[in-house]
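Welcome, and thanks for taking a look at this chain.

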Amino acid sequence: MNELFPIYVKLDLIQVLVVGGGAVGLEKLQAILANSPRAQVHLVAKEVNKGIPQLVNGNERIKISERVFMESDLDGVDLVLLATNNTALNDYIRQLTKEKNILLNVADKPDLCDFYLGSVVTKGNLRIGISTNGKSPTIAKRIKEFLNELLPEEIDETLELMGALRDQLKGDFQEKVRVLNKHTKDVLSNNSYDNAD
């Protein structure tokens, strides 16, 4: 049973720590910046993949410390992503984050995680997160590919129009929901975008 509660986090408003600078650390940083380009991130690693400085490329919101992890790295941090294969270090940081009530994700170690990073489908303002409860990132990736192909590019135009309509609606909450439901009833039917050309 999947008991995860899906949320979307504004990473530009919190502090993220990434520990590990290898290929997995690079992958995590790429995912963060692809989804939240203004995220505030501190990456700590003894060795840093050459792709990381290229990715950061002068972004002042990203700090890189090429050294070993220190407990003080957790000061002011809200979220931690571990991208190391050092079991002892992972366990040590897991213990510290529990004591400090900081949420933790450990790459490829679902049992150590407070949250998972799912696959994400993005079409303009539409963002769909996909989770397999840590069971199969490969399946999540396949579903992401399927949804990317299924969702029309024009979906963002529809979202913009619906946002404008919602802002213009008067009445109580139930009435707004009724009107919006009526307008979105057929939004993803096969015929909705046939005449887009």
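Predicted model: local features only at pLDDT ≥ 70, side-chain atom pairs only at ≥ 80, totals over all residues.

## Overall layout

The chain has 6 helices and 7 strands. Reading from the N terminus, the elements follow the order β-α-β-α-β-β-α-β-β-β-α-α-α. The C-alpha trace spans about 55 × 35 × 35 Å along its principal axes.

There are 197 residues in the chain, and 34% of them count as buried. Among contacts with a separation of 6 or more, 55% join residues 24 or more positions apart. The chain exposes about 13,100 Å², with carbon and sulfur atoms supplying 50% of that area.

## Salt bridges

The structure holds 6 salt bridges. One of them pairs D12 with R38, where the closest N and O atoms are 2.7 Å apart. D12 sits in the segment before β1 and R38 in the loop between α1 (23–35) and β2 (40–45), so this pair ties together parts that are 26 residues apart in sequence. D12 is partly exposed at 21% relative accessibility, whereas R38 is exposed at 53%.

Another salt bridge links R94 and D114, with 3.0 Å between the closest N and O atoms. Because R94 belongs to helix α3 (residues 87–100) and D114 to the loop between β5 (103–106) and β6 (119–123), the pair ties together parts that are 20 residues apart in sequence. R94 is buried, with a relative accessible area of 10%, and D114 is partly exposed at 35%.

D73 and R67 also meet through their side chains in a salt bridge, at 2.6 Å from N to O. Is D73 buried or exposed? With a relative accessible area of 6%, D73 is buried. R67 is partly exposed, at 25%.

## A nonpolar surface patch

Finally, which residues form a nonpolar patch on the surface? They are F5, I7 and V9, and together they have about 350 Å² of accessible area. F5 lies in the segment before β1 (15–19). This residue, F5, has a relative accessible area of 72% and is therefore exposed, the cut-off for that class being over 50%.

Notes. Residues numbered from 1 in each chain as written. Heavy atoms only, no water. Patch = residues over 30% accessible without salt bridge, like charges linked within 9 Å, V, L, I, M, F, W, Y side chains within 5 Å. Areas by Shrake-Rupley, 256 points an atom, 1.4 Å probe, with all protein chains shown as cover. Salt bridge = Lys/Arg side-chain N within 4 Å of Asp/Glu carboxyl O. Helix = DSSP H or I, 4+ residues; strand = E, 2+ residues; numbered from the N terminus. Buried < 20%, exposed > 50% of the residue type's maximum accessible area, 1.4 Å probe, protein only. Contact = heavy atoms within 4.5 Å.
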